[in-house]
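Have the sequence and the 3D view at hand as you read.

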Amino acid sequence: MSSMRAVSLLALVVVLGLVQPTMGASSKGNPEAGKKIYLESCQSCHGPTGKGDSDMAAYLTPKPANLAAKTTQTKTDAQLRKIILEGRPGTAMSSYDGAFDEAQLTDLLAYIRSLKP
């Protein structure tokens, strides 16, 4: 197979989504970087392990979400991103729109995903 043909085939496979390009791997985020963001911005309500069991949680109604629970972990990244950016009306979860850049949000989501039991 000629190199031109191989490149064309690879481009087609990437476009069709059958294989992620190399830079796609970095879009999954860094859970360790996300943990730092979580500890600075989220743990005061969601607790040090994300289970919604912080000292402050006792005073919040409704209680903060358990980020390790199946109900949270089955949400899509888009749903979690929306909650982080827009907050949740009727709860203490306020909007974090503008607080994080895209890379930080991706890292934060990677950390939340790492809490999966």
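Which residues in H6 are buried? They are Leu105, Thr106, Asp107, Leu108, Leu109, Ala110, Tyr111 and Ile112, where buried means under 20% relative accessible area, exposed over 50% and partly exposed in between, with a 1.4 Å probe and protein chains only.

This is a predicted model, in which local features need pLDDT of at least 70, side-chain atom pairs count only at pLDDT 80 or more, and totals for chains, interfaces and linings use all residues. Residues are numbered from 1 along each chain as its sequence is written, and side-chain values use heavy atoms, with hydrogens and water left out.

The chain has 6 helices and 0 strands; helices (H or I, at least four residues) and strands (E, at least two) are DSSP runs, numbered from the N terminus. H6 holds 13 residues and reaches 18 Å from its first C-alpha to its last, close to the 18 Å expected at 1.5 Å a residue (that is, 1.5 Å times one less than the number of residues).

The cover over the buried residues of H6 includes these helices:

| Helix | Residues |
|---|---|
| H2 | 31-41 |
| H4 | 70-73 |
| H5 | 77-86 |

Ala103 sits in H6 and counts as partly exposed because its relative accessibility is 48%. The C-alpha atoms of Ala103 and Ala33 are 9.7 Å apart, although 70 residues separate them along the chain.

Across the 117 residues of the chain, 27% count as buried.

Key
Contact = heavy atoms within 4.5 Å.
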